[in-house]
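Here is a short briefing on one helix and its surroundings. Have a look at the model first, and then we can walk through it together.

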Amino acid sequence: PVVAIDNTADNAQATITTDNVTAGKQACQYIADKLGGKGNLIIVNGPPVSAVVDRVNGCKAVMADHPDIKILSDNQNGIGTREGGLNVTTALLTAHDQVDAIFTINDPSAIGADLAAKQLKRTGIVITTVDGSPDIEAALKEKTQIEASSAQLPSELANAAVDAGVKLLAGEALAEPSILVAPSLITR
């Protein structure tokens with residue numbers, strides 16, 4: 001049996017991924033709460049793959065419940081890198097005088113966004129993201145504007161994959177071949 005982890009694979013009998021819609025919701029609910037439901041948000045998007053699309057859709061679902069938070073931009077591709085996050089955020093912060101929050105699709109983009117804010121001497125911006133990587137854990141402990149990351153849980157992904165693999169090896173049919181693992185929001 002083939003069990004795909006954190007991505008799809010042709011002919012896999014099971015696919016185990018992070019619930020990326022929930023990840024986007026967690027990160028953007030943090031923003032909505034922190035802003036008191038009012039302000040200006042930019043979304044640093046990424047490559048058009050399912051995980052990124054799901055994260056942005058999760059964020060937008062939360063913002064639909066907060067009409068006083070205006071999304072100033074959601075279509076700029078920071079390509080999921082520090083440099084991309086830096087470049088996109090620099091352009092967006094230059095184009096918009098008042099930005100209260102930034103949601104990025106992954107941790108490297110958030111680190112780039114924070115650097116852009118520093119270089120432009122923009123403060124008071126709430127930055128949230130998705131991944132929960134060691135780099136973001138360090139950034140949460142430093143003087144950055146990054147406040148939260150919806151963390152993927154590799155050990156939970158692996159546990160779910162092993163469970164699915166054992167069942168498949170035993171000849172059992174899986175109730176659901178696509179298993180979503182809930183992320184966990186980490187903050188300062």
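Buried means under 20% relative accessible area, exposed over 50%, and partly exposed in between (1.4 Å probe, protein chains only). This is a predicted model, in which local features need pLDDT of at least 70, side-chain atom pairs count only at pLDDT 80 or more, and totals for chains, interfaces and linings use all residues. Residues are numbered from 1 along each chain as its sequence is written, and side-chain values use heavy atoms, with hydrogens and water left out.

**Helix H2**
- The buried residues of H2 are Val 52, Arg 55, Val 56, Gly 58, Cys 59, Val 62 and Met 63.
- They sit on the same side of H2 because they cover an arc of only 155° around the axis, taken from the directions from the helix axis to the C-beta atoms.
- On the face turned away from this buried side, H2 carries the exposed residues Ser 50 and Ala 64.
- The cover over the buried residues includes helix H1 (20-35) and strand E3 (39-45); helices (H or I, at least four residues) and strands (E, at least two) are DSSP runs, numbered from the N terminus.

**H1 against H2**
- The axes of H1 and H2 come within 7 Å and cross at roughly 40°; axes are lines fitted to C-alpha atoms, for helices over the stretch in contact, and angles run from 0 to 180 degrees between N-to-C directions.
- Contact (heavy atoms within 4.5 Å) involves residues including Cys 28 of H1 and Cys 59 of H2.

**Asn 45**
- Asn 45 lies in strand E3 and, at 15% relative accessibility, counts as buried.
- Beyond its neighbours within four places in sequence, Asn 45 touches residues including Val 52 and Val 56.
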